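Reader: I'm new to this one and would like to go through it slowly. Could you put it up, and then we can start with whatever pair of residues you think is worth a look?

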Amino acid sequence: MAKQQISDIDQHDAATIGDRANAALSQFGDTASTQIGNSPLIALAGGIALGALIAAVLPQTERESELLQPVGTKVTDAGRHAADRVREASKAKVDELAGDKLREFFGFGGESANDSA
């Protein structure tokens, strides 16, 4: 008899929990849709972060390595090349500005070597 009462309570509780879960899921969907509509870039960033997390957790297959390695190499090389160009341009600008300030300080005029050439 006690088992029957527990079984009845469990079925009733399960139905109630199911109804609550469905309502909560529906409300979550509505809220998420509204938030994505209000902030699509944040939603995009969240999606990318979630995708990166999933990719980090799942093991990489041999086929993925085979297909993506050339792309990864190209992206890495392009990034290094761009960083080198930015570093060189920044260094040249700093040297130019520092040179102008040193010439001004020592009284050699405010014209940089690049301006006079």
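Author: Let us start with Arg87 and Asp84, which both lie in helix 3, 3 residues apart, or about one turn of the helix. Please keep in mind throughout that this is a predicted model.

Reader: Okay, and what do Arg87 and Asp84 form with each other?

Author: They form a salt bridge, in which the closest N and O atoms are 2.4 Å apart. As a general point, side chains of opposite charge can pair when their charged atoms come close.

Reader: Are those two buried or exposed?

Author: Arg87 counts as exposed because its relative accessibility is 53%, which is over the 50% cut-off, whereas Asp84, at 34%, counts as partly exposed.

Reader: How many salt bridges are there by this rule?

Author: The count comes to 3 salt bridges. Another one joins the side chains of Glu66 and Arg63, at 2.7 Å from N to O, and these residues are also 3 residues apart in helix 3, so about one helical turn separates them. Lys93 and Glu96 meet in a salt bridge as well, at 3.8 Å from N to O, and they too lie in helix 3, 3 residues apart.

Reader: How accessible are Lys93 and Glu96?

Author: Both count as partly exposed, with Lys93 at 43% relative accessibility and Glu96 at 22%.

Reader: Helix 3 keeps coming up, so how many residues does it have, and how far does it reach?

Author: Helix 3 covers residues 62-106, which is 45 residues, and reaches 64 Å from its first C-alpha to its last, close to the 66 Å expected at 1.5 Å a residue.

Reader: Where does helix 3 bend?

Author: Helix 3 bends by about 40° at Leu68, and a proline, Pro70, follows within four residues. At the other end, just after helix 3, Gly107 takes a positive phi of about 80°.

Reader: Stepping back, what is the secondary structure of the whole protein?

Author: The protein has 4 helices and 0 strands, so read along the sequence its pattern is α-α-α-α. Of its 117 residues, 3% count as buried, and carbon and sulfur atoms account for 63% of an accessible surface of about 10200 Å².

Reader: Which residues make the nonpolar surface patch?

Author: Leu50, Leu53, Ile54, Val57 and Leu58 make a nonpolar surface patch of about 510 Å². Among them, Leu53 is found in helix 2, residues 40-57, and counts as exposed because its relative accessibility is 53%.

Methods:
Residues are numbered from 1 along each chain as its sequence is written. This is a predicted model: local features need pLDDT of at least 70, side-chain atom pairs count only at pLDDT 80 or more; totals for chains, interfaces and linings use all residues. Side-chain values use heavy atoms; hydrogens and water are left out. Helices (H or I, at least four residues) and strands (E, at least two) are DSSP runs, numbered from the N terminus. Buried means under 20% relative accessible area, exposed over 50%, partly exposed in between (1.4 Å probe, protein chains only). Accessible areas come from the Shrake-Rupley method with a 1.4 Å probe; for residues, only the protein chains shown count as cover. Patches are made of residues with over 30% relative accessible area and no salt bridge: like charges are joined within 9 Å, nonpolar side chains (Val, Leu, Ile, Met, Phe, Trp, Tyr) within 5 Å. A salt bridge is a side-chain nitrogen of Lys or Arg within 4 Å of a carboxyl oxygen of Asp or Glu. The expected span of a helix is 1.5 Å times one less than its number of residues. The bend at a residue is the angle between axes fitted to the seven residues ending there and the seven starting there.
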